[in-house]
Amino acid sequence: FDRGVITVPCTDNPTVSGVTLSEEYYTIYKKFNFKICDILKMMDYGFKSAFVSEEMKKRMRIDAFGKSIQILVKNKVDISSILNDRVYYYKLGLTIPPEFKPPIRNPALTLALVQQLPKCDIDCRFIGSVPTPLLYQFYTELPEKSRKKLPLFNNSNEIQKYLLSDENSDYGKGGKYLSMKLLQNERNIRMALHGIFDEAYA
């Protein structure tokens with residue numbers, strides 16, 4: 001283990017020998033003076049070696065880490081050694097503590113706030129992010145003459161299907177054209193922006 005070999009305790013015959021994985025980890029901790037961060041790393045090695053897809057493995061590792069931290073903190077176990085081993089967990093995509101604490105209140109959506117945001121590509125980021133129910137609302141509000149120049153939609157699901165269809169796969173050209181036609185006034189653009197922020201917040 002000290003040399004970086006993936007080392008994992010196992011219980012090959014728990015029903016015959018009467019052992020549990022928890023007991024095995026506790027024995028390692030007591031007899032070999034393993035630190036808590038080493039035990040947690042060893043547990044992670046077990047999930048890392050599981051015979052499942054990489055996506056499933058990553059999810060399991062993150063979940064196990066989060067739950068382990070919660071249990072240790074709840075039982076008032078000193079986790080300073082884990083805090084000092086951040087680099088290992090950072091590679092897993094984890095931060096310590098893993099719990100996200102939202103701000104007490106969200107800042108007001110003002111021009112000053114938007115100007116602080118990184119430059120965004122309005123063609124992809126904005127147009128591609130407007131919620132489809134809003135696009136459908138803008139579509140129903142079009143004058144009949146303007147609506148005839150666009151495909152026929154009976155609900156927001158049909159708009160979403162159109163945006164994602166294979167026939168509309170030329171870099172989303174049809175979807176972009178439709179979205180731009182529905183965002184031709186300040187009121188619609190403002191509503192669309194609020195819709196994007198509301199979805200992101202939710």
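A residue counts as buried when its relative accessible area is under 20%. In this predicted model, Y139 falls under that cut-off: its relative accessible area is 2%, so Y139 is buried. Y139 also takes part in an aromatic cluster and has a charged side chain over its ring face.

**Aromatic contacts**
- The model holds 6 aromatic pairs.
- One of them joins Y136 and Y139, which are stacked at 6.1 Å centre to centre, with 25 degrees between the planes.
- Both tyrosines belong to helix α9 (residues 132-140), where a spacing of 3 residues puts them about one helical turn apart.
- Y136 is partly exposed, at 22% relative accessible area, whereas Y139 is buried at 2%.
- R147 lies over the face of Y139, 5.8 Å from the ring centre.

**Cavity**
- The protein has 1 cavity of 30 Å³ or more.
- Helices α3 (36-48) and α4 (54-74) each contribute at least two lining residues.
- By class, the lining splits into 7 nonpolar, 1 polar and 2 charged residues.

**Confidence**
- The mean pLDDT of the protein is 82, and 86% of the residues score at least 70.
- Among the elements, α9 has the highest mean pLDDT, at 93.
- Helix α8 (residues 122-126) has the lowest, at 60.

Methods: Residues numbered from 1 in each chain as written. Predicted model: local features only at pLDDT ≥ 70, side-chain atom pairs only at ≥ 80, totals over all residues. Heavy atoms only, no water. Phe/Tyr/Trp six-rings, centres within 6.5 Å; stacked < 30°, edge-to-face > 60°. Helix = DSSP H or I, 4+ residues; strand = E, 2+ residues; numbered from the N terminus. Buried < 20%, exposed > 50% of the residue type's maximum accessible area, 1.4 Å probe, protein only. Lys NZ or Arg CZ within 6 Å of the ring centre and 35° of its normal. pLDDT = per-residue confidence, 0-100. 1 Å grid on protein atoms, 1.4 Å probe; cavity = no way out; pocket = protein on both sides within 12 Å on 5 of 7 lines; lining within 4 Å. Points joined across faces, edges and corners; volume = space filled by probe spheres on them. Nonpolar A, V, L, I, M, F, W, Y, C, P; charged D, E, K, R; others polar.
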